[in-house]
Amino acid sequence: MDRSNHLTLRLTQASVGTEKHWAKNMSHFRPAGLSDEDSNSDDWYSDTPSRKHYNTVNHEQNYRKQIEANLRDAINNSNNVNKVDEIIRSDLNNNVNFKLDSGWTPLLHACFDAQYTIVKFLLDKGADPNLHSDSVTPIMVTCSNNTANNETIYNIITYLIEKGSMLNIGDKSGQTPLMRAISSGRVDVVKKMLEYKVNIEMRDRQGWTALFWAVHHNQPDILEILIDHGARMTEVDKSNRTPLEIAYSHEYHNIADLLKKHLNIETKNDDLDNNSFLNNQISSWHDYYPGVKEGERLNYITEIPHLLYGMNCEKLANVIIQNGMDLRTFLLLEEEDMIKLGIHMPYERQRLKNGLRNFHLRGWKLNAVSGLYARKAENFCVLDCLTTLGTHLQQIYILEATLQYYLRAYSRIQNQIKYEPPDSPLLAKMKIAGKKMLTNINCIRREIKNMKNILTKISRSNPQPADLIKEKTAQEIAIGYVTEVMFVCSLGILVYNAKNIITSFLYK
């Protein structure tokens, strides 16, 4: 073997060894743009710090980064097809689908920069239109571009689709190419995708369909197109919100009007007037105590609108209040009760049921049930006592409803619990929940006892205020009448005697 062939063989072996060493070491690294879910589980057990591996391949990393920088410069700055072809042939071993240092392919970079000429060249050269990086495909990158002109984006999307780019696919957040095109306001791209029968009811991780994205990004033209293609307008997301409610939350009145037009909902100007009485009802301290107003029973009806607002069900306030429902009945509503009330939409009933369930399952903070016990080192007045007692009375009222809710749920799973083993997680959770409930009840009992002692001391040590106005008893009223009669009679006798004295004096 001559010297030149021997040198060539040595260089080839060194290059192969370097590539194997780089591949072994780079298993501990995450190229930019890739998520932790894509990690290589074969090397999780390595005890060698990743920093040392990084130092051993530092030169190789810099070389790969330089290649990617040169490629991006050729794509973005000069739009030089020949330069891109040269880099692919010489630096990427003519592999058009080679993943660069960031994890992106040349096609992803070309789509990101919206360079149609480069995109067409790479696709014609054999680039895979569905090869992704961190679940993001080239068509998703193109649809997210909101700076390039519409014609360029439309041409790139059209060519990607012709080359077999998948449309009914989502990234790790569930966002589809259609959703990204909607967020960028690409009307023509949306129309093009709809021509290829794209699924407009696919949902992302928050439960949004394409119509939700059109509402959220205030795209009335795209919204009209989606509705014309049969997009469902009454769906709810994972937060139990409808597209109409999202439009109201953003104050997109044009979007709201468009949805109401297609939902055949008439705009009523008196909606706020109908709900205003609920917001204007201010409870006095009397409302916390049953029996203060004779013949009335405590119902806490003014709390219902606030709970409905927290459950995103404030539109049901009129239906519930007009049926004369008290708070306890509201907290124990079931599916059949909601139907009888006139709540016909399934998603509204489901949202209300979820809200009631979360209300009953939500834990109470210690400060909420400790009352004045937590302020025992502070000074407080009689008004503080009245407010705290009223709060505890309301808590007992709610605890009673919650206990009924739990007992009702327990009766439904009672047969299932019979066959649970002693160490069952279900039984353990129920015991923990029961202990927490007893803790809350005992805190309230202790607080009521403390309040009774305080009020007893106040009544014994403090005289009645001088300006205290009380209702007179029957005895006091009778004594008052007798006193007035005696005063009038005495005054009459006095006047009669005075008259006789004056008359006799004048005659003399």
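Student: What does the pLDDT average for the protein?

Tutor: The average is 77, and 74% of the residues score at least 70. pLDDT is the predictor's confidence in each residue, from 0 to 100. This is a predicted model, so local features need pLDDT of at least 70 and side-chain atom pairs count only at pLDDT 80 or more, while totals for chains, interfaces and linings use all residues. Residues are numbered from 1 along each chain as its sequence is written, and side-chain values use heavy atoms, with hydrogens and water left out.

Student: Where does pLDDT stay under 50?

Tutor: One such stretch is residues 1-56, for which the model has 41 contacts beyond four places in sequence. Contact means heavy atoms within 4.5 Å. Residues 269-283 also stay under 50, with ten contacts beyond four places in sequence.

Student: Changing topic. How many aromatic pairs are there?

Tutor: There are five. Rings of Phe, Tyr and Trp (its six-membered ring) pair if their centres lie within 6.5 Å; planes under 30 degrees apart count as stacked, over 60 as edge-to-face and the rest as tilted.

Student: Is Phe212 buried or exposed?

Tutor: Phe212 has 0% relative accessibility and counts as buried. Buried means under 20% relative accessible area, exposed over 50%, partly exposed in between (1.4 Å probe, protein chains only). Trp208, at 5%, is buried, and so is Trp213, at 8%.

Student: Now helix H4. Which residues are buried there?

Tutor: In H4 (residues 81-90), Val84, Asp85, Ile87 and Ile88 are buried. They cover an arc of only 160° around the axis, which puts them on the same side of H4. The arc is that of the directions from the helix axis to the C-beta atoms. Helices (H or I, at least four residues) are DSSP runs, numbered from the N terminus.

Student: What about the other side of H4?

Tutor: Asn82 and Ser90 are exposed there.

Key:
Helix = DSSP H or I, 4+ residues; strand = E, 2+ residues; numbered from the N terminus.
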